[in-house]
Amino acid sequence: MWTYRPADSTPTPREKKLQDPAPYSAARPQPSSAPFQTQNGAAPHRQSAFGQEQHTTGAVQSGRRPESMPRTVYETSDVPTAHKARIVTQSRPSRTLRTACVMGCLYLAGLAAGSLCSRMLSEPLLTYARYFASIDLGLRTTGNAAMVFSVGFLSLFCQLSLVLIAGFCVLGIGLIPITMVLKGAGAGIFTALLYQQLGAAKGLVLQALVFWLPETLGSLFVILLSAFALHVSCGLLRCCLGQGGSGLGAASRRLIHRYLTICFVSMLVCGLSVLLTLVFGGLF
């Protein structure tokens, strides 16, 4: 729109800019092609999401927490957690193996003590032990397969169940080792009474052909379950002391699954005992 303006009027700044644009363009800062630098001459970190993610990932892989990264983000990153989980997974079988070795040593100590101290028992206990040994020996020599299987499986089932119950109790830390010592002592007393009734040579042959393999396999199963149950009992104790109970539910489920698996395999061991009885029991 055209507006009349007198000739002697002062031009507006807009009109000055249109008439002579050179001063305004010279005063305007021109973009530089050089990268922006800080006072110390180093280019700053890019603030984009991709650049910050790359910077964070490199810092975590190198094991250093960057200053711009929050402490909570670095401490809860996936790399250290996965590394710790890998260490726990690798150390768990070795810990179970060490515990099983300790339980096995306790069983062997009880076995030796029962064999050496069988004659020092009181008269009621010695009478009961002789009665049980004579019944078991009669079942083996007569070849009663059903009774041999029933007695063997009932004995293993009761031992495994006692270990399982002790594992779900804080007192199982002391009860499980005592159970292993008593189991070894009972086996030692039975072996000593077997040698007394049949003689050293005949008892050794019967022990090697009929009793040794099923008893060894059954004892190994009880020792393994006792090692698993002892870890659960220790976890319960730590939880009661307020030292954390993480992973206790998963450990309890694993203990139940192993208990059921060992009970099923124990039936096979009892079947092996029946087979050895039928083959070699009639020789004595």
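1. pLDDT is the predictor's confidence in each residue, on a scale from 0 to 100. The model is predicted, with local features requiring a pLDDT of at least 70 and side-chain atom pairs counted only at pLDDT 80 or more, while totals for chains, interfaces and linings use all residues. Residues are numbered from 1 along each chain as its sequence is written, and side-chain values use heavy atoms, with hydrogens and water left out.

2. On confidence, the protein averages a pLDDT of 76, and 67% of its residues score at least 70. Confidence is lowest in helix H4 (residues 71-75), with a mean of 42, and highest in H7, with a mean of 93. Over residues 69-90 the pLDDT is below 50, and it also stays under 50 over residues 33-63, a stretch with 16 contacts (heavy atoms within 4.5 Å) beyond four places in sequence. Where pLDDT is low, the predicted coordinates should not be read in detail.

3. The protein has 10 helices and 0 strands, where helices (H or I, at least four residues) and strands (E, at least two) are DSSP runs numbered from the N terminus. Of the 284 residues, 28% are buried, that is, under 20% relative accessible area with a 1.4 Å probe and protein chains only. Among contacts between residues at least 6 apart in sequence, 77% join residues at least 24 apart.

4. Helix H7 has 23 residues that should span 33 Å at 1.5 Å a residue, and its end C-alpha atoms are 33 Å apart, which agrees; the expected span is 1.5 Å times one less than the number of residues. Its buried residues include Val148, Leu156, Leu160 and Val163, and what covers the buried residues of H7 includes H6, H8, H9 and H10.

5. Helix H8, with 27 residues, reaches 38 Å from its first C-alpha to its last, close to the 39 Å expected. Just after H8, Gly199 takes a positive phi of about 95°.

6. The largest pocket, an open set of points on a 1 Å grid with protein on both sides within 12 Å along at least five of seven lines, has a volume of about 1500 Å³. Its lining (residues with an atom within 4 Å of a point) holds 47 residues, of which Gln159, Lys183, Gly186, Ala187 and Glu215 lie nearest the centre of the pocket. Helices H5, H6, H7, H8, H9 and H10 each supply at least two lining residues, and the largest share, 12 residues, comes from H9.

Terms used. 1 Å grid on protein atoms, 1.4 Å probe; cavity = no way out; pocket = protein on both sides within 12 Å on 5 of 7 lines; lining within 4 Å. Points joined across faces, edges and corners; volume = space filled by probe spheres on them. Buried < 20%, exposed > 50% of the residue type's maximum accessible area, 1.4 Å probe, protein only.
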